[in-house]
Amino acid sequence: MASPATEVDAGGRAVRVTNPDRVIYEATERTPEVTKLQVVQYYVAVGDGIMRALRERPTALERWPKGVHEGITLSTRTGEHGDAFYQKRVPKGAPAYVETATIKFPSGRDADEVCPTEVAVPAWAAQMGTLTFHPWPVRRSAPDLPDELRIDLDPYGSTGFRDAVRVAGVARELLDDLGMVGFPKTSGNRGIHVYIRIEPRWDFVDVRHAAIAFGRELERRTSGVTTKWWKEERGDAIFVDYNQNARDRTIASAYSLRAKPGAPVSTPMEWDELAEVDDPADFNLFTVPERLAERGDVHARIDDVHCSLERLLALYEEHGEGELPYPPDYPKMPGEPPRVQPSKKNAANWES
């Protein structure tokens with residue numbers, strides 16, 4: 001029998017939680033089981049941090065209504081069906097306090113996405129089975145002009161978290177040389193994300209080109225880094241996923257839970273602290289609220305500085321290496337190389 005509904009106070013609003021005892025995360029050797037009610041309470045507890053990450057941003061919801069259990073699959077962006085899924089449009093029946101923002105997909109179609117303005121919104125979304133929030137790098141007031149450059153350092157092959165940490169140290173040096181300020185966080189899995197607030201005066205193509213330039217400069221500065229889109233070309237390296245800056249591509253927000261055993265959290269870090277982290281799973285639903293209460297949000301200054309992309313865009317043009325492939329669901333983009341794996345190229349589909 002389902003447990004009776006209860007209510008959680010989220011910033012002065014009562015958020016109703018149905019089936020509060022439903023197990024969302026099973027117990028592990030390190031962590032006890034996590035119920036639906038605990039997930040909602042987690043997002044209220046980290047309200048200051050999660051709202052700094054989401055406020056006024058169109059946000060896709062990664063929903064796991066049945067929890068994170070063996071056999072549960074996540075629907076992909078390319079249309080595979082699963083028990084968990086991405087919700088890009090505001091769900092029907094959302095409370096009146098759930099505001100929206102209109103965004104445009106690469107196809108040209110429009111959609112109204114959830115646009116959090118108060119902590120009750122992530123609490124309500126958690127009640128709806130949301131574990132991870134995927135905000136766009138724009139504000140509702142300027143949906144076509146990103147205010148954030150996102151550097152996604154993604155381990156590939158035999159590389160792991162400590163390799164990403166090493167490359168993040170080189171990225172920090174590069175940011176200093178460019179006169180830019182970056183704010184790192186764990187991805188909640190093996191990778192590292194670095195956020196750079198920027199002036200909202202460049203479009204998505206420009207911001208993506210800046211990410212490509214940043215990745216290529218990392219390749220020049222250190223070994224074990226790649227911007228190769230095709231997996232067969234990457235080898236054992238940290239992939240700089242420049243396409244996370246393309247329109248409608250998002251990554252887990254700061255303070256988002258991840259659908260992994262132990263309820264890990266994508267956790268903001270200070271640069272010197274990041275270098276000392278051995279296991280990102282130490283930062284989870286049980287430990288992060290206490291950390292935030294004791295230290296405050298280490299990304300509290302993230303909105304104080306808005307950097308320029310001019311130097312990165314100049315590097316993109318200066319080295320003249322040109323475009324890289326877009327995600328497969330995109331229309332063919334100007335200057336893009338043919339979308340065919342290098343191992344399958346031939347004279348009919350590949351220009352020398």
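Figure 1. At 22% relative accessibility, Asn19 counts as partly exposed, because the partly exposed class lies between the buried limit of under 20% and the exposed limit of over 50%. The structure shown here and in the following views is a predicted model. Asn19 belongs to the loop that links β2 (13-17) and β3 (23-25). Its phi is near 50°, a positive value in a residue other than glycine.

**Figure 2. The hairpin of β1 and β2.** Strand β1 (residues 6-10) runs antiparallel to β2, and five bridges join the two. One of the pairs is formed by Glu7, whose bridge partner in β2 is Arg16. Two residues lie between the strands of this hairpin, where Gly11 takes a positive phi near 60°.

**Figure 3. Ala263, a buried loop residue with positive phi.** Ala263 is found in the loop between β14 (238-240) and α6 (271-274). Although Ala263 is not a glycine, its phi is positive, at about 55°. The relative accessibility of Ala263 is 0%, and the residue therefore counts as buried.

Figure 4. Five strands, in the order β11-β12-β10-β14-β13, form an open sheet with mixed pairing. Its edge strands are β11 (183-186) and β13 (225-226), each of which pairs on one side only. Helix α4 (residues 161-178) packs on the sheet and touches β10 (148-155), β11, β12, β13 and β14. The direction of α4 makes about 20° with that of β12.

**Figure 5. Strand β12 and its two partners.** Within the sheet, β12 (residues 192-197) is joined to β11 by four bridges, and these two strands run antiparallel. Lys185 has His193 as its bridge partner in β12, while Thr186 stands opposite Ile192. β11 and β12 form a hairpin with five residues between them, and Gly188 in the turn has a positive phi of about 95°. Six bridges join β10 to β12, again in an antiparallel arrangement. In this pairing, Leu153 has Ile192 as its bridge partner. Ile192, Val194 and Ile196 point one way from β12, whereas His193, Tyr195 and Arg197 point the other way, and all are buried. Because six of the six residues of β12 are buried, the strand is largely enclosed by the rest of the structure.

Figure 6. In soluble globular proteins, nonpolar side chains tend to be buried together. The largest nonpolar core of this model has 86 residues, of which Val39, Leu149, Leu218, Leu309 and Leu312 touch the most other members. Helix α4 gives the most to this core, with ten residues. Apart from its neighbours within four places in sequence, Leu309 is in contact with Leu149, Met180, Ile198, Trp202, Val207 and Ala210. A second, separate core of six residues includes Ile103, Ala111, Val138 and Phe204.

Figure 7. Helix α8 (residues 310-319) has as its buried residues Leu312, Leu313, Leu315 and Tyr316. Seen down the helix axis, these buried residues fall within an arc of 155°, so they line one face of α8. An α-helix has 3.6 residues a turn, so residues three or four places apart point the same way. The buried residues of α8 pack against β10, α4 and α5 (204-221). The face turned away from the buried side carries the exposed residues Arg311, Glu317 and Glu318. Just after α8, Gly320 takes a positive phi of about 60°.

Figure 8. The structure holds zero disulfides. Cys115 counts as buried because its relative accessibility is 0%. Cys307 is also buried, with a relative accessible area of 5%.

Key: Residues numbered from 1 in each chain as written. Predicted model: local features only at pLDDT ≥ 70, side-chain atom pairs only at ≥ 80, totals over all residues. Heavy atoms only, no water. Buried < 20%, exposed > 50% of the residue type's maximum accessible area, 1.4 Å probe, protein only. Pairing = 2+ DSSP bridges. Contact = heavy atoms within 4.5 Å. Axes fitted to C-alpha atoms, helices over the stretch in contact; angles between N-to-C directions. Disulfide = S-S within 2.5 Å. Core = buried A, V, L, I, M, F, W, Y, C linked by side-chain atoms within 4.5 Å. Arc of directions from axis to C-beta.
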